[in-house]
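Subject: Structure handover

Hello,

Here is the structure you asked about. Please open it next to this email. My notes follow below.

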Amino acid sequence: MSKIKKHNKISLKVIGDDRGSLIALESLDNIPFEIKRVYYIYATRNACKRGLHAHKKLRQMMVCVHGSCKLLLDDGHSKEVLKLNRPDEGVMMNEMMWREMFDFSDDCVLMVLASEHYLESDYIRDYDNFIKKVKINNEG
Ligand code: TYD
């Protein structure tokens, strides 16, 4: 069964006043995991794709805090492309979700919150291998 559902998108509460806007992200509150790492992707060349991997265990939430890009999510059964262009919208990605980010605007800043420290052995960087692992998990 497909894991990709609309509720992958999380609406983030904007605290606004006449000075502007503010959004707060808190572990185990509006972020459904303990945040152990934050990184951001910026100055991405327009024709470039990033991501092109899945994670065995890692959970992440992506927020396009400035500009825009597209995000392809693929759980091995179905694919969905989301446009990210709102600082008040997060996209949750659980484990075993292949992702590709592309169509970056020049000013795009894509922030990612992660449930674990960086661990290369948690990556699945080969798509065929990803599909094999999805099938094994479904059988088990
Ligand atoms: P990678 O995850 O492959 O980028 P993409 O988002 O395009 O999939 O990471 C690119 C490089 O940065 C790679 O050498 C690993 C390194 N890196 C870290 O050192 N720490 C991190 O938290 C991340 C996300 C990447």
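One term first: contact, or touching, means heavy atoms within 4.5 Å. By that rule, M62 touches L71, L84, E89, G90, V91, M93, M101, L110, M111 and V112, leaving aside residues up to four places away in sequence.

Some ground rules. This is a predicted model, in which local features need pLDDT of at least 70 and side-chain atom pairs count only at pLDDT 80 or more, while totals for chains, interfaces and linings use all residues. Residues are numbered from 1 along each chain as its sequence is written, and side-chain values use heavy atoms, with hydrogens and water left out.

The cores

M62 also belongs to the largest nonpolar core, which has 16 residues. A nonpolar core is a set of buried Ala, Val, Leu, Ile, Met, Phe, Trp, Tyr and Cys residues joined through side-chain atoms within 4.5 Å. Buried means under 20% relative accessible area, exposed over 50%, and partly exposed in between (1.4 Å probe, protein chains only). M62, L71, L73, L84, M101, F104 and L110 touch the most other members. At least two residues each come from β6 (60-66), β7 (69-74), β8 (79-84), β9 (89-93) and β11 (109-114). Strands here are DSSP runs (E, at least two residues), numbered from the N terminus. β7 gives the most, with three residues.

The ligand

Which residues are around the ligand? They are R37, Y39, I41, R50, G51, H53, Y118, Y123 and R125. Each has a heavy atom within 4 Å of the ligand. β4 (37-42) and β5 (50-55) each supply at least two residues of this shell.

The protein covers 62% of the 530 Å² of accessible area that the ligand has on its own (Shrake-Rupley method, 1.4 Å probe).

L28 is not a glycine, yet has a positive phi of about 60 degrees. L28 lies in the loop between β3 (20-22) and β4. L28 counts as exposed because its relative accessibility is 63%.

L52 is not a glycine either, and has a positive phi of about 55 degrees. L52 sits in strand β5. Its relative accessibility is 34%, so L52 counts as partly exposed.

Best wishes

How values were computed: Helix = DSSP H or I, 4+ residues; strand = E, 2+ residues; numbered from the N terminus.
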